[in-house]
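Please view the sequence and the structure below before reading on.

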Amino acid sequence: MEEKKFVELPAPLFRDPIYDCPTDPTVIWNREEEQWYLFYTQRRATDVPIGVSWVHGTAIGVATSRTGEKWLYRGTLPGLDIERGHNTFWAPEIIRAEGLYHMYVTYITGIPTDWQYPRQMLHYTSQNLWDWRFEGRVDLNSERVIDACVYEVAPHKYKMWYKDEDKESHTYAAESDDLYHWTVVGEEVFDCGQEGPNVFELGGKIWMISDFWNGLAVYTSGDFAHWERCSDILRASGTRPMDVGLGHHADVLVKDGRAYIFYFCHPFAHENKEDHTPPMSERDRNKAVVQVAELVVRDGELVCDRDARVVWEV
């Protein structure tokens with residue numbers, strides 16, 4: 001029997017070499033190339049900010065790795081635009097299902113300098129994670145929806161969770177039998193405003209994590225519909241390089257029976273730190289890195305040791 005090989009994942013996992021602000025990460029295995037792909041919102045932290053222009057005009061960044069030990073920046077996804085001009089793409093959710101890769105991504109026209117513009121949810125499909133076909137807008141009965149999470153809750157039955165900013169930024173859900181046509185089923189998490197929901201299964205339980213801007217909220221469910229709040233995670237800074245401040249908008253990958261959480265943080269923003277020394281500049285404060293940690297279920301609770309070494313099998 002071949003001996004298993006494990007590698008240690010770095011901290012930080014990834015820094016964007018163009019704008020130094022990768023956010024909203026999602027990780028998926030590319031079967032055709034046999035390597036890991038990291039997709040993210042490529043915020044423009046090092047550009048001149050006018051209002052909140054630096055979080056708009058964002059492309060979907062791509063990095064790849066054979067083992068997870070070292071990540072290579074590959075550029076941004078081409079061919080996503082559905083209208084003319086320089087437009088905004090946020091928070092890709094990418095899954096492989098029904099023989100294709102499916103991407104659900106938030107879209108905003110142009111580069112707004114404030115938060116007032118509509119957000120749409122767009123659907124694309126691909127056979128290789130590079131060439132994407134636009135399948136249409138996902139109608140979620142709102143013009144301000146962001147941060148899709150899609151999970152197969154039963155064979156060929158899918159559920160999408162997302163933030164509806166027109167409805168107190170609560171988490172809403174929709175269902176589909178084919179990934180193309182969605183029916184909104186309503187509000188599911190409403191104890192606080194939040195974004196970036198992510199649903200997964202671990203330790204025989206169903207979990208949801210979401211970013212409520214004070215760490216990550218954790219919920220559990222017995223039916224993918226009714227959610228009970230648990231203890232929060234990723235609030236206190238870690239000790240690994242650049243693992244400073246709150247953990248934000250995360251993706252969870254369950255691999256070989258173990259769960260890995262990919263999140264971003266602002267290492268120069270002094271979030272949740274006793275040292276409130278101002279950063280060197282606004283650009284520094286906006287910079288972000290992608291980190292990874294392992295999740296475990298202990299005594300029925302979801303636990304994340306942010307300081308532990310992270311290893312996985314290759």
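Strands are DSSP runs of E with at least two residues, helices are runs of H or I with at least four, and both are numbered from the N terminus. Two strands count as paired if DSSP finds at least two bridges between them. The model is predicted: local features need pLDDT of at least 70 and side-chain atom pairs pLDDT 80 or more, while totals for chains, interfaces and linings use all residues. Residues are numbered from 1 along each chain as its sequence is written, and side-chain values use heavy atoms, without hydrogens and water.

- Strand β10 runs antiparallel to β11 (residues 157-164), and seven bridges join them.
- Ala-154 has Lys-157 in β11 as its bridge partner.

**Sheet β6-β7-β8-β9**
- Another open sheet of four strands has the order β6-β7-β8-β9, and its pairing is antiparallel.
- Its edge strands are β6 (88-97) and β9 (132-138), each pairing on one side only.
- Six bridges link β8 (residues 120-126) with β9 in the antiparallel sense.
- Tyr-124 stands opposite Phe-134 in β9.

**Confidence**
- The average pLDDT (the predictor's confidence in each residue, from 0 to 100) of the chain is 96, and 96% of the residues score at least 70.
- Confidence is lowest in helix α1 (residues 282-286), with a mean of 85, and highest in strand β4 (residues 59-65), at 99.
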